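Here's a quick look at a ligand site and the sheet that goes with it. Have the viewer open while you read.

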Amino acid sequence: MQKYSLETKNLCKHFGKQQAVNNVSLKVQTGTIYGLLGPNGAGKTTTLKMISGLLHSSSGEILIDGEKWERKHLEEIGALIEAPALYGNLTAKENLLVHTKLMGLSKKSINDVLETVDLKNTGKKLSSHFSMGMKQRLGMAISLLGNPKLLILDEPTNGLDPIGIQELREVIRSFPNKGITVIVSSHVLTEISQIVDHVGIISDGLLRYQGALSQEEDLEALFMKVVREARK
Ligand SMILES: Nc1ncnc2c1ncn2[C@@H]1O[C@H](COP(=O)(O)OP(=O)(O)O)[C@@H](O)[C@H]1O
Ligand SMILES: [Mg+2]
């Protein structure tokens, strides 16, 4: 039987009269990478914030490992939403140390997460001197400190140069082998199309398409078709 680390059922969020997320039902299989794709304003961040406990839903359900979402599930969820909160005057390791203290976690995992995001050799360099890609990977390291089973990444490739994007892709691709299921959003298809197993395409708050992605599939053509049809 298929296992799902994350499901949403008719998830909705409105801000006043605006329906930002409208009956979104996602299915994220355990051990896979799921790409949540859609143009700006589609409702991606709002959806991911509800899953991460940063926003209350207006209606609908969120299931984590088949269980109805409760605050305790946040222990199993790591999230990097919008720009990571870093202390620019601290090194990578020191940033992680501060976060373990704030979150009441053991320091033991610091070296592991630095290794995972390929920041082990940054030594005394302060995070304010990091490239955008390094900052993003340090943010990812912070979200990994609690040893999550589900990782939520909101537009992690935003603002990165091609090399930064490639490095980030390699890190994300390594997660399923470490027992981490990933949901990653993007408005730029090419940036994540190579690493996702399944895609959901969202526009105007509605999930327009959801399915497995074969390597041969032209995601761009599919995306344009789905979004154009939605606009008719
Ligand atoms: N806190 C908020 N208050 C009012 N409207 C919001 C708020 N957050 C998001 N929205 C609106 O909800 C819609 C979806 O936004 P968002 O989830 O950020 O989209 P995306 O991440 O796909 O670009 C947008 O129209 C946005 O303006
Ligand atoms: Mg967003």
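Keep in mind that this is a predicted model.

Let's start with ligand 1. Its shell is made up of Phe15, Gln18, Ala20, Pro39, Asn40, Gly41, Ala42, Gly43, Lys44, Thr45 and Thr46. By type, that splits into 4 nonpolar residues, 6 polar ones and 1 charged.

| Residue | Protein atom | Distance to an oxygen atom of ligand 1 |
|---|---|---|
| Gly41 | backbone N or O | 2.7 Å |
| Ala42 | backbone N or O | 3.1 Å |
| Thr45 | polar side-chain atom | 2.7 Å |

On its own, ligand 1 has 560 Å² of accessible area, and the protein covers 60% of that. Two or more shell residues come from each of β2 (18-24) and α1 (44-51), with α1 giving the largest share, 3 residues.

Now for the sheet. Six strands line up in the order β7-β8-β9-β4-β10-β11, forming an open sheet with mixed pairing. β7 (77-80) and β11 (206-212) are the edge strands; each has a single partner, so one side of each has no neighbour in the sheet. From one strand to the next, the twist averages 15 degrees.

Further in, β4 (residues 33-37) and β10 (residues 198-203) run parallel to each other and pair over 4 bridges. In that pairing, Leu37 sits opposite Ile201 of β10.

So where does α1 sit relative to the sheet? The helix lies across β4, β7, β8 (150-154), β9 (181-186) and β10, at about 150 degrees to β8. That's the helix that also supplies 3 residues to the shell around ligand 1.

Notes: Residues numbered from 1 in each chain as written. Chains lettered and ligands numbered in written order. Predicted model: local features only at pLDDT ≥ 70, side-chain atom pairs only at ≥ 80, totals over all residues. Heavy atoms only, no water. Near = heavy atom within 4 Å. Polar contact = N/O pair within 3.5 Å; in protein donor to acceptor, adjacent residues only side chain to side chain. Areas by Shrake-Rupley, 256 points an atom, 1.4 Å probe, with all protein chains shown as cover. Nonpolar A, V, L, I, M, F, W, Y, C, P; charged D, E, K, R; others polar. Pairing = 2+ DSSP bridges. Axes fitted to C-alpha atoms, helices over the stretch in contact; angles between N-to-C directions. Contact = heavy atoms within 4.5 Å.
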